[in-house]
Amino acid sequence: VNTQQVIAWKNGLFDFDNVTLPEIMRQIERWYKINVAFNNGVTQGHYVGSIKRESSITEVLHMLELAGDVKFKISGQTILVMKP
């Protein structure tokens, strides 16, 4: 068990410590009750940082766009992950 992640979760944060985009998106799917689809060619970089879970889905996606080579499009209950 990663105690840092458990403490971050208890404190209301998503905590990303060298995790891939698919791992992050799985957490986002569960928390926001939304589906995620990946376009071909999306890079599989690793992310480090924390984001408040009380943030809106658009705020979270915007922060991820700023941190990596990725773009998001929300369509209904689905987030499309694509290259910029």
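**Sheet, helices and aromatic rings**

Helix H3, residues 57-67, lies across strands S4 and S5 and runs at about 160° to S4. Please bear in mind that this is a predicted model.

Let us consider the sheet itself. It is open and has three strands in the order S2-S5-S4, with mixed pairing. Strand S2 (35-38) and strand S4 (71-75) are the edge strands, since each pairs on one side only. From one strand to the next, the twist averages 25°. S4 and strand S5, residues 78-82, run antiparallel and are joined by five bridges. Within this pairing, Ile-74 has Ile-79 in S5 as its bridge partner. Helix H2 also packs on the sheet, where it touches S2, S4 and S5; the direction of H2 makes about 155° with that of S2.

I now turn to the aromatic residues. Which residues form the aromatic cluster? They are Phe-14, Phe-16, Trp-31 and Tyr-32.

How many aromatic pairs are there? The count is three. In one of them, the ring centres of Phe-14 and Phe-16 are 6.1 Å apart and the planes meet at 10°, so this pair is stacked. Phe-14 is buried, with a relative accessible area of 0%, and Phe-16 is buried at 4%.

Phe-14 also pairs with Tyr-32, in a tilted arrangement with 6.3 Å between centres and 40° between planes. Because Phe-14 lies in strand S1 (residues 13-20) and Tyr-32 in helix H2 (residues 21-32), this pair ties together parts that are 18 residues apart in sequence.

Finally, Arg-53 lies over the face of Trp-31, at 4.6 Å from the ring centre.

How values were computed:
Residues are numbered from 1 along each chain as its sequence is written. This is a predicted model: local features need pLDDT of at least 70, side-chain atom pairs count only at pLDDT 80 or more; totals for chains, interfaces and linings use all residues. Side-chain values use heavy atoms; hydrogens and water are left out. Rings of Phe, Tyr and Trp (its six-membered ring) pair if their centres lie within 6.5 Å; planes under 30 degrees apart count as stacked, over 60 as edge-to-face and the rest as tilted. Buried means under 20% relative accessible area, exposed over 50%, partly exposed in between (1.4 Å probe, protein chains only). Helices (H or I, at least four residues) and strands (E, at least two) are DSSP runs, numbered from the N terminus. A charge sits over a ring if NZ of Lys or CZ of Arg is within 6 Å of the ring centre and within 35 degrees of the ring normal. Two strands pair if DSSP finds at least two bridges between them. Axes are lines fitted to C-alpha atoms, for helices over the stretch in contact, and angles run from 0 to 180 degrees between N-to-C directions. Contact means heavy atoms within 4.5 Å.
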